[in-house]
Amino acid sequence: MRGIKSVLVATVLYTGAATLANPAMADMSAIKALRVDDMRKLNFHAEPQATYDVAFTGEDGSDMTLAAFEGQITVLNFWATWCAPCRAEMPGLSNLQTELGSDDMQVVTIATGRNPRPAMERFFAEIEVDNLPLHADPKQTLARSMGVLGLPITVVLDRDGMEIARLQGDAHWDSDSAKAIVAALVANGS
């Protein structure tokens with residue numbers, strides 16, 4: 001019992017000191033603490049990381065960059081039509097967009113690699129997703145520049161377009177943990 005009390009006292013003192021020294025760091029520590037179950041795979045970076053001004057194909061066929069999403073928290077998912085874990089994960093991303101999507105947060109999906117538009121549309125129709133964009137990165141230019149190795153990978157961008165967290169593999173993005181993390185990031189003004 002004495003050991004537990006010591007750990008609790010040390011945690012309270014550390015958190016209090018961190019809050020006084022850097023309130024944003026304390027907020028991120030609280031957000032990190034919300035990770036449970038498969039959201040424990042969501043790795044927050046010590047410092048925000050720059051993304052690249054690399055064009056990809058927007059849903060309407062025009063070139064666009066990640067700069068289009070600055071000013072909001074962006075849950076950026078790289079996927080492919082042939083990816084079984086992507087198929088399992090995508091409905092959760094859709095639910096996250098339905099529940100928390102706003103001017104402050106959106107889920108952005110980018111099919112990377114060879115994914116013909118009809119196959120992308122069929123993929124979304126089969127899993128009954130109709131609220132996520134069908135952006136594409138056919139030559140994997142954006143994916144390579146961001147170090148995307150394997151699919152799916154989900155990257156969380158702050159309001160400045162900086163990468164603050166990354167999750168490799170599929171996850172339940174409509175879990176209570178995921179929703180709490182995203183809502184906290186939006187509320188934190190990250």
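**Fold and backbone notes**

Reply: The protein has six helices and eight strands, taken as DSSP runs numbered from the N terminus (H or I of at least four residues for helices, E of at least two for strands). This is a predicted model, where local features need pLDDT of at least 70, side-chain atom pairs count only at pLDDT 80 or more, and totals for chains, interfaces and linings use all residues. Residues are numbered from 1 along each chain as its sequence is written, and side-chain values use heavy atoms, with hydrogens and water left out.

Me: What about strand 7, buried or exposed?
Reply: Five of its five residues are buried, so strand 7 is largely enclosed by the rest of the structure. On one side sit Ile-153, Val-155 and Leu-157, on the other Thr-154 and Val-156, and both faces are covered.

Me: Why two sets like that?
Reply: Because side chains in a regular strand alternate between the two faces of the sheet.

Me: Which strands does strand 7 pair with?
Reply: Strand 4 (residues 73–79) is one, antiparallel over five bridges, and Val-75 stands opposite Val-156 there. Strand 8 (residues 163–168) is another, also antiparallel over five bridges, with Gln-168 as the bridge partner of Ile-153. Pairing here takes at least two DSSP bridges between the strands.

Me: What's in the hairpin of strand 7 and strand 8?
Reply: There are five residues between the strands, and Gly-161 takes a positive phi near 80°.

Me: Which residues other than glycine have a positive phi?
Reply: Glu-128 is one, at about 60°, and Gln-140 is another, near 60°. For context, most residues other than glycine have a negative phi, and most peptide bonds are trans.

Me: Where's Glu-128, and is it buried or exposed?
Reply: Glu-128 is in the loop between helix 4 (117–126) and strand 6 (135–137), and is exposed at 71% relative accessible area.

Me: And where does Gln-140 lie?
Reply: In the loop between strand 6 and helix 5. Gln-140 is partly exposed, at 34%.

Note on methods: Buried < 20%, exposed > 50% of the residue type's maximum accessible area, 1.4 Å probe, protein only.
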